[in-house]
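Biologist: I would like to go through this model with you, one question at a time. Could you show it first?

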Amino acid sequence: MSGAEPALFARRLHVVLGKGGAGKTTVAAALALALARRGRRTLALELEPWGALPAALLGPGRTAPPGGPPVRVPGADGLSVLSLDGRAALEEYLASAVPWRALLSVVFATRVYRAFVVLAPGLPELMTLGKVRHEAERGAWDAVVLDAPATGHALDALRMPRAAAETFGAGLVRHDAARIVRLLEDGARTAIHLVALAEEMPVAEAIEADAGIAGLLGRPADAVIVNRVRGRRFAPEAMAALEAAAAARAGRGEARGDEGALLAAVAACAREEMAWADEAAAEIARLRAGLVPAGTARTLVRLPFRFAETFDRAALAEVSLALEEALV
Amino acid sequence: MTGRRVTIVLGAGGTGKTTVAAAPGALAAADGRATALLAIDPARRLATALGLATGALSDDLRLLDPGPLAAAGLPPPRAPLRAAVLERSRAWNALVERVIPEAIRPRVLANPFYRGLSQTFAGAHEVLAIDRLAALAADPAHERIVVDTPPAARAVDLFEAPGRVARFFDRTVVRWFVHLPGGAAVRGTGIAADFILRRLEAATGASTFAAIADLFAAVGGAAGEVRRRAARAARVLCDSETALVLVTTPEDAAVAGAAALLERLRAEGLGLAAVIVNRAHPPIDVARPRAAVEAVIARALAGEGGDALRAAAPALAANFADHQTLARGEARRLERLRALLPAGIPIVAVPPFPAEASGLRAVAAMARRLEDAIAP
């Protein structure tokens, strides 16, 4: 699984998906920073308003106005971030079909229009994907990075254009849905990045998601990124000796003493770390075995766990460099 | 989780929500109460947590075998413990079977708009989930019901689902769509609306409205029943016998997500029963400088096995310092979370247990740690 697909970084649309909590948004932000660093005009996008992507790139508490315009990311040349909003995208779309804006604002307020949006519940979501496609294809950006929803919902989102093309009769929506499907299925233009953690449930979900992606797009994820991987930092013998020393002091009634308590605390941290590292090794092996066998070598990236009080922009920059090194 | 009949477990993905949801279910069954576990996460992780094969759980409640539960260290159930996951298209068809008269059912099931609605579109899952929960709650055989919800923001959609269904079956709108195929301007909607809908139709495809209209013509008679079910679901969510429990981890993104969810719950007028902070490190109360810690470790290792082991002292000291750093950050974020909660809402901190991180053993470990905080 080594040997990165050479054209991965050159693709136009990068869809980042994975289990919630796996660090999907962090990876999307890191990938966008890496693309911008390599001189590509890059747009980082999230599908729903008020997600975490703007804060990841702009700083804690910062947001991007839902529906746009894109906000430039300071300190990253050529990188902007945009939150999409389904309702706004739908109204924008209709505005392009109906020229009288004054009339539209009256219409958007009517009960029948609101009923229409409720009745065609996929329409706003489809419009956001249409907007993603538009941004990816209109030429203003060299790369568009999409922070997709958590896996189950992301697969729904990827499945939707095809379903919409079948559900909606011949019309603009059907035409647009078919264009989205073509872009997603085109391995030369679109890269799917699957983010996982080296833990049981995230690995089970990643294996399922990889098969789901293969079923939907005709190819599995282009890159599998295992986030926050913990590795062995010391030999098991050293940990065992430390535990024995702590136990001996406890046995002599020194556990409450300064040194005994310290050794017990150090041993507890060591034991926890060792357990995480062993689990990570086993789960990465399980992940490798469970992924869809790909025709070509696939990239499996491990991003190391970071011990920090808080995950700040400096931490994000480090992750971005590690990701760039692994993917290029 | 708080002695109430229905517990709805909310939280961002990756917080261990499913494991947390399974634990009180197992404890309630051990306490002799017939319990139903319902997962509505479309990723369907409940089977993994219960030590079953992926796909082993379906829309039908499955009675769990007490053997593996006890083998994993859970107290043996003294009442049936059942589990189900929501299967979208099956649940949707079952709903149609319950509310749509048999004579017109094939027409509904063959409707292209209905098929799209039931299989793909956002929101459908939430509507079904809440209907399924209401159906479970209506059956007195289930003494305890625990619901594992979809991740964070989607979970709030659950609470909006009944209103959404009610709007869907708004009488005026139903009538409007049913009359649409005639093509005449519809009274009361105005010329502007009529015009825009013609444009919408051109954009979305001529067959769309025909399909919607036909669907409504078919289900129009069932609208009253659907509205009644939506009202029933809304009552279960707001019932005093229903407890909402928020699960988070102490990590940056999870705490930020929990804060946002608290905000949305407050906006919906929903109160929490408890917050569970999973994988929270207990504070490490050691003030010694790192060099001194390393010296103590080196001496202890040398005493155990000589110089070969002693070489590991810097790595062990670094690991200890790193864990102290993590614990400091976690403590700060938990303080922030506590400040957002109304007084009297308990925060239950559960330490990490990586050695028991998987399947039923994780559920058992979680149950042991939650036992004191839970009234079954």
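Biologist: Which residues have the most contacts inside the largest nonpolar core?

Modeller: This is a predicted model, in which local features need pLDDT of at least 70 and side-chain atom pairs count only at pLDDT 80 or more, whereas totals for chains, interfaces and linings use all residues; side-chain values use heavy atoms, with hydrogens and water left out. Residues are numbered from 1 along each chain as its sequence is written, and chains are lettered from A and ligands numbered from 1 in the order in which they are written. A nonpolar core is a set of buried Ala, Val, Leu, Ile, Met, Phe, Trp, Tyr and Cys residues joined through side-chain atoms within 4.5 Å, where buried means under 20% relative accessible area with a 1.4 Å probe and protein chains only. The largest such core has 53 residues, and those with the most contacts inside it are A:Leu13, A:Val15, A:Leu17, A:Leu45 and A:Leu287.

Biologist: How many residues are in the other core that lies apart from it?

Modeller: That separate core includes B:Val147, B:Val277, B:Ile345 and B:Ile347. Its number of residues is 44.

Biologist: Which residues does A:Leu287 touch, leaving aside those up to four places away in sequence?

Modeller: Contact here means heavy atoms within 4.5 Å. On that basis, the residues touched by A:Leu287 are A:Val203, A:Ala206, A:Ile207, A:Val224, A:Val226 and A:Leu300.

Biologist: How many residues of helix 9 of chain A are buried?

Modeller: Helices (H or I, at least four residues) and strands (E, at least two) are DSSP runs, numbered from the N terminus. Helix 9 of chain A covers residues 200-217 and reaches 26 Å from its first C-alpha to its last, close to the 26 Å expected at 1.5 Å a residue, the expected span being 1.5 Å times one less than the number of residues. Just after this helix, A:Gly218 takes a positive phi of about 85°. Helix 9 of chain A is mostly covered, and of its 18 residues the buried ones number 13.

Biologist: Which strands of chain A stand at the edges of the sheet?

Modeller: Eight strands of chain A form an open sheet with mixed pairing, in the order 3-4-2-5-1-6-7-8, and two strands count as paired if DSSP finds at least two bridges between them. Each edge strand has a single partner strand, so one side of it is left without a neighbour in the sheet; these are strand 3 (71-72) and strand 8 (299-304).

Biologist: Is B:Thr48 buried or exposed?

Modeller: B:Thr48 lies in helix 2 (residues 46-49) of chain B, and it touches A:Glu200, A:Met201 and B:Gly359, not counting residues up to four places away in sequence. Because its relative accessibility is 11%, B:Thr48 counts as buried.

Biologist: Which residues lie on each side of strand 7 of chain B?

Modeller: Strand 7 (residues 274-278) of chain B is mostly covered, with five of its five residues buried. In a regular strand the side chains alternate between the two faces of the sheet. Both faces of strand 7 of chain B are covered, with B:Ala274, B:Ile276 and B:Asn278 on one side and, on the other, B:Val275 and B:Val277.

Biologist: Which residue of strand 8 of chain B stands opposite B:Ile276?

Modeller: Strand 7 of chain B pairs in the parallel sense with strand 6 (residues 242-248) of chain B over four bridges, and there B:Val247 stands opposite B:Ile276. Four bridges also join strand 7 to strand 8 (residues 347-350) of chain B, which run parallel. In strand 8 of chain B, the residue opposite B:Ile276 is B:Val348.

Key
Buried means under 20% relative accessible area, exposed over 50%, partly exposed in between (1.4 Å probe, protein chains only).
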